[in-house]
Amino acid sequence: MTAALPLLVPVLLAVVDALLVNGPGIGVDLGVSLLAAAALLLRRRFPVAVFLVTLPGIYIGYIWFAPMIALYTVATRRTDRRLLIGLGLLLAAAHFVPYPLSDLSLSDRREVALQLVDACVTAATPVAVGLLTRTRRELAARLDELTRSRAREDRLLSEQVLATERARLAREMHDVVAHQVSLISLQAGALQIATPDERAREGARKIRELSVRTLEELRHMVGILRKAGADTEELSPQPRLADLPKMIEVSALDVTYENTCDPAVERPEAVERAAFRTVQEALTNARKHAPGAWVRVTVAEGDGPEGDGPEGDGAEGGGGAGTLLVEIRNGPADAAAPVPGLPGGGHGLVGLRERAQSLGGTLEAHGTRDGGFVVRAGFPRAG
């Protein structure tokens, strides 16, 4: 019932207007006035036709509400300005020209001017109010659309933050946990070979098996976490270049470490962290794919060391002045060394390259002519 009030109230007002103006007596003027009032029930579906039906009501029955309400409805539902002007002129003419037409008198100019102004105001008022109502509705719709759009943006931002956290966690899990677990497996393998105690060998074998299983589960989890987003921030606290010697010391690899950088030079934390992760991942790969091989880690500034290209052509690993250069080179695997059998997810070097590029640097990794492998990265000092 409440929803029908906006439709019925104008009809009731038009009926009251018709009865007050024309009286209760049956006649043509009352008939056309009541017809105009009844036509308002269809004004929302056929606004222009209903307005035309109400025109005889104002011309013959001298009612105002029905034609003005009908014209207001047209103004709220039609955007054609020429149509509104034409209907407004029709309403003004029906209001200005008397019925019957023989009563028209232009002798009193003052009276004619007042009637013309009255007719124009009667026609212009519903058009102006209708346009104002339609503009208000459009603004409300735009505001609602902007609110929904803002809610969608907030939701997308939340999803992006979650994706970033997932990708960041995935990278840290790969860089940290995989390195430590592979180190545990390598140490267990060495213990399995070196110890004469049968129980100790069995314990070392189980440790290696658990390490391999852990890395497989880690690889699966990292694959899930890496499906969303890109890395934009890092967790803290994080290792830096000063932590490289300690990490290399416990790597259980034959590593030669050389750092010619000025320790007084300050670099962004993200750059030093990326350099550390590059060395860490390269050592992990050397442990998995080249057991028993020698490894040389070089950290320098400027143009950096020379090394073999992909085909052993002696290409330089270059960089501009102020560039932090990191190179990890390993020789071929020792045939006598046991193969750890550790699983690999194939994401390590891809993640390192993405990290370097996000800082404005580069990373290349390829085999060497002696059967080894080299990883070379360059990071700008202002990364």
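Colleague: Within what distance do the axes of helix α9 and helix α10 come, and at roughly what angle do they cross?
Modeller: The axes of α9 (residues 269-289) and α10 (residues 348-358) come within 10 Å and cross at roughly 165°. Here an axis is a line fitted to C-alpha atoms, for helices over the stretch in contact, and angles run from 0 to 180 degrees between N-to-C directions. Helices (H or I, at least four residues) and strands (E, at least two) are DSSP runs, numbered from the N terminus.

Before we go on, a word on the source: this is a predicted model, where local features need pLDDT of at least 70 and side-chain atom pairs count only at pLDDT 80 or more, while totals for chains, interfaces and linings use all residues. Residues are numbered from 1 along each chain as its sequence is written, and side-chain values use heavy atoms, with hydrogens and water left out.

Colleague: Let's turn to charges. How do you know that E272 forms a salt bridge with R240?
Modeller: Side chains of opposite charge can pair when their charged atoms come close. A salt bridge needs a side-chain nitrogen of Lys or Arg within 4 Å of a carboxyl oxygen of Asp or Glu. The closest N and O atoms of E272 and R240 are 3.1 Å apart, so this pair qualifies. The pair links distant parts of the chain: E272 sits in helix α9, and R240 in the loop between α7 (198-225) and α8 (244-249), 32 residues apart.

Colleague: Which other residues belong to the network with R240 and E272, and how many salt bridges does the structure hold?
Modeller: R240, R267, E272 and E301 are linked in a network of salt bridges. The structure holds 11 salt bridges, and one of them joins R329 with E327 at 3.6 Å between the closest N and O atoms.

Colleague: Are these residues buried or exposed?
Modeller: Buried means under 20% relative accessible area, exposed means over 50%, and partly exposed lies in between (1.4 Å probe, protein chains only). E272 has 10% relative accessibility, so E272 counts as buried. R267 is buried too, with a relative accessible area of 10%. R329 at 7% is buried, as is E327 at 2%. R240, at 30%, falls between the limits and is partly exposed.

Colleague: What makes V16, L20, V21, Y62 and Y99 a nonpolar patch?
Modeller: Patches are made of residues with over 30% relative accessible area and no salt bridge; like charges are joined within 9 Å, and nonpolar side chains (Val, Leu, Ile, Met, Phe, Trp, Tyr) within 5 Å. Together these five have about 500 Å² of accessible area on the surface, an area that comes from the Shrake-Rupley method with a 1.4 Å probe, where for residues only the protein chains shown count as cover. Y62 has 42% and is partly exposed; Y99 has 39% and is partly exposed as well.

Colleague: Where do Y62 and Y99 lie?
Modeller: Y62 lies in the loop between α3 and α4 (65-77), and has a positive phi of about 60° although Y62 is not a glycine. Y99 is in the loop between α5 (81-96) and α6 (109-194).

Colleague: Why does I85 count as exposed?
Modeller: I85, in helix α5, has 56% relative accessibility, which is over the 50% limit, so I85 counts as exposed. T362, found in strand β4 (residues 362-367), is exposed at 54%.
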